[in-house]
Amino acid sequence: MGNRSVEEQENEPTPNDEAATAVEETEQATEKEIPSLERLGDVRKCPVCGSPVDADAYHCPSCRNYFCFHCRARLVPKDVELQCVNRHCDYYGKLVCDVCDVAQEQEEPPTVYEEPEDGYWPGLLVLSLICFGIVWSSATFWIAILAAIGLFIGGGLLLQWFGVNVFGRRRIVEHQRKSMRHRCIRCGQLVKEVHEAR
């Protein structure tokens with residue numbers, strides 16, 4: 001163990017080498033996560049008038065036209081204009097049209113609320129009245145009333161306990177919701193829609 005050769009000691013990785021390797025792997029993983037996008041046209045010329053513009057521009061100071069940062073198509077006031085709000089993205093603050101940034105369907109949290117549900121107590125009441133009539137024909141009035149009340153309350157509670165909705169209840173209603181959202185074509189985060197008066 002103590003008799004290692006000098007070559008083996010030199011080839012052994014040091015903590016600095018391991019840290020450098022970890023940094024390289026992290027950088028490679030980051031590069032894989034962000035897709036490479038190729039912008040269309042000559043990014044140093046205005047797509048409308050051909051004047052020289054900055055490569056990061058989406059507005060021409062010469063002809064005063066706005067254009068999509070990605071596809072370089074001219075934007076008119078009625079077009080949907082989108083801007084990335086992620087400060088770490090290359091497309092941050094740039095205008096992108098909705099042809100390049102297509103809206104995607106997204107699940108929203110469901111709407112949940114309670115609503116009352118009527119019970120079947122009118123049917124039980126009719127049965128209780130029939131019971132009252134049958135018992136009264138063969139017994140006294142007060143015994144018939146007790147039998148009808150007992151059937152209505154006792155039978156109703158028993159049925160309710162077995163899961164039959166007799167006296168009414170509240171049920172939970174859940175509505176699934178979906179929406180159409182635009183996400184940045186570079187970083188994938190939600191973007192905001194721009195409404196500018198020109």
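# Reading salt bridges, backbone and helix packing

Mentor: Start with Glu 105 and Lys 178, both of which are exposed. Exposed means over 50% relative accessible area, buried under 20%, and partly exposed in between (1.4 Å probe, protein chains only). The model is predicted: local features need pLDDT of at least 70, side-chain atom pairs count only at pLDDT 80 or more, and totals for chains, interfaces and linings use all residues. Residues are numbered from 1 along each chain as its sequence is written, and side-chain values use heavy atoms, with hydrogens and water left out.

Trainee: What do the side chains of Glu 105 and Lys 178 meet in?

Mentor: Side chains of opposite charge can pair when their charged atoms come close. Here Glu 105 and Lys 178 form a salt bridge, 3.8 Å from N to O. The term needs a side-chain nitrogen of Lys or Arg within 4 Å of a carboxyl oxygen of Asp or Glu.

Trainee: How many residues apart are Glu 105 and Lys 178?

Mentor: They are 73 residues apart, so this pair links distant parts of the chain: Glu 105 is in strand 5 (residues 104-117) and Lys 178 in strand 6 (residues 169-181). Strands (E, at least two residues) and helices (H or I, at least four) are DSSP runs, numbered from the N terminus.

Trainee: How many salt bridges does a search of the whole structure find?

Mentor: Six. Among them is Arg 170 with Glu 114, at 3.2 Å from N to O. Arg 170 lies in strand 6 and Glu 114 in strand 5, 56 residues apart. Arg 170 is exposed, because its relative accessible area is 52%. Glu 114 has 46%, so it is partly exposed.

Trainee: Which residue does Glu 115 form a salt bridge with?

Mentor: Arg 171, with the closest N and O atoms 2.5 Å apart. Glu 115 belongs to strand 5 and Arg 171 to strand 6, again 56 residues apart. Both are partly exposed: Glu 115 at 24%, Arg 171 at 39%. Shared partners also join Glu 105, Glu 107 and Lys 178 into one salt-bridge network.

Trainee: How many helices and strands are there in the protein?

Mentor: Four helices and seven strands. From the N terminus, the order is α-α-β-β-β-β-β-α-α-β-β. Buried residues make up 24% of the 198 residues.

Trainee: At roughly what angle do the axes of helix 3 and helix 4 cross?

Mentor: Two packed helices are described by the angle between their axes and the distance between the axes. Helix 3 and helix 4 cross at roughly 155 degrees, their axes coming within 8 Å. That makes them roughly antiparallel. Axes are lines fitted to C-alpha atoms, for helices over the stretch in contact, and angles run from 0 to 180 degrees between N-to-C directions. Over 145 counts as roughly antiparallel, under 35 as roughly parallel, 65 to 115 as roughly perpendicular, and the rest as oblique.

Trainee: Is Arg 72 buried or exposed?

Mentor: Most residues other than glycine have a negative phi. Arg 72 has a positive phi of about 70 degrees although it is not a glycine. Arg 72 sits in the loop between strand 1 and strand 2 (74-75). Its relative accessible area is 5%, so Arg 72 is buried. Arg 64 also has a positive phi, about 60 degrees. Arg 64 lies in the loop between helix 2 (15-33) and strand 1 (66-67). At 65% relative accessibility, Arg 64 counts as exposed.
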